[in-house]
Amino acid sequence: MYKKLIAGVAIALASGLAVADDAKASRAERIGIALGLEKSLAAAKVQTADAIKAQTQAIGKQFRQSGMPEELQTKLQEPMEQMISSVVNSWDVKVAASIYASVLADSMTDEELVKTERHYQSEEGKKAYASLSLAQSKTNEYILAKSNEMMQKEMAVFMEKVKAISQAMRDKQPRQQANP
C-alpha cells in the first residue's frame with residue numbers, strides 16, 4: 001500500500017515539475033517574442049549573407065586583377081554562390097530561437113522570468129530593447145565594414161604573394177626542350 005502511495009506521490013511531483021518546466025519554457029518563449037527574436041535572427045541571416053557576398057566580391061575582384069581567365073572566373077561563380085548559400089542556410093531561425101528560450105528557461109528562476117517578461121512587454125522595456133538592438137546592429141555594421149575593407153586590402157596582398165610563389169615554382173621547373 002505504501003509503495004502505491006509513494007509511486008502516486010512521485011508521479012504527481014513529476015507531473016508538477018513538467019508543468020512548471022512547461023510554464024517556464026512558455027514564458028521564456030514569450031520573452032523571445034516580446035524581443036522580436038525571430039525577426040532579429042532573420043535579419044542576422046541576411047546580414048551574414050551580405051557580408052559573405054561582399055567578401056566573395058572582393059575575391060572576385062582580385063581574381064580579375066590577377067589575370068585569371070574569364071572562363072575560369074565564370075566557372076567559379078556557381079560554386080561560390082553555392083558556398084554562400086550553404087553557409088547562410090547552415091542554421092535555422094526557429095532552432096536558434098528555441099535554443100535562446102531554452103537557455104533563458106534554464107538559467108532564470110520562474111520569478112525572474114515573470115519580471116523579465118513584464119519588463120520587455122512594457123513600453124520602457126520595449127524602448128530599452130529597441131535601443132540595445134540598434135546599438136548592437138550599428139556595432140555589427142562597423143565590424144563587418146572594417147572586416148570587409150581589410151579583407152579587400154589583404155586579399156590584394158595575398159594574391160600578389162600567390163602570383164610570386166606561382167612564378168617562382170614555374171621558374172624552378174626544368175624546361176623541356178623541343179624535339180627536332
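Because the model is predicted, local features are reported only at pLDDT of at least 70 and side-chain atom pairs count only at pLDDT 80 or more, whereas totals for chains, interfaces and linings use all residues. Residues are numbered from 1 along each chain as its sequence is written, and side-chain values use heavy atoms, with hydrogens and water left out.

The secondary structure of the protein comprises six helices and zero strands, where helices (H or I, at least four residues) and strands (E, at least two) are DSSP runs numbered from the N terminus. Along the sequence, the pattern reads α-α-α-α-α-α. Of the 180 residues, 21% count as buried, a term that means under 20% relative accessible area, with exposed meaning over 50% and partly exposed the range in between (1.4 Å probe, protein chains only). Among contacts (heavy atoms within 4.5 Å) between residues at least 6 apart in sequence, 82% join residues at least 24 apart.

Helix H2 (residues 37–65) and helix H3 (residues 70–88) pack at an angle of about 160°, with their axes 10 Å apart; axes are lines fitted to C-alpha atoms, for helices over the stretch in contact, and angles run from 0 to 180 degrees between N-to-C directions. H2 is therefore roughly antiparallel to H3, given that angles under 35 degrees count as roughly parallel, over 145 as roughly antiparallel, 65 to 115 as roughly perpendicular and the rest as oblique. By class, the contact has 10 nonpolar, three polar and three charged residues, where Ala, Val, Leu, Ile, Met, Phe, Trp, Tyr, Cys and Pro count as nonpolar, Asp, Glu, Lys and Arg as charged, and the others, Gly among them, as polar.

H2 also packs against H4, at an angle of about 130° and with the axes 9 Å apart, so that H2 is oblique to H4. This crossing, too, is right-handed. Leu 37, Glu 38, Leu 41, Ala 42 and Lys 45 in H2 meet Val 93, Lys 94, Ala 96, Ala 97 and Tyr 100 in H4, a contact with seven nonpolar, no polar and three charged residues. Ser 40, which lies in H2, is partly exposed because its relative accessibility is 32%. Leaving out residues up to four places away in sequence, Ser 40 touches Leu 35 and Tyr 129.

Apart from neighbours within four places in sequence, Leu 113 is in contact with residues including Lys 24, Arg 27 and Ala 28.

Note on methods. A crossing is left-handed if the near helix is turned anticlockwise from the far one by less than a right angle, and right-handed if clockwise.
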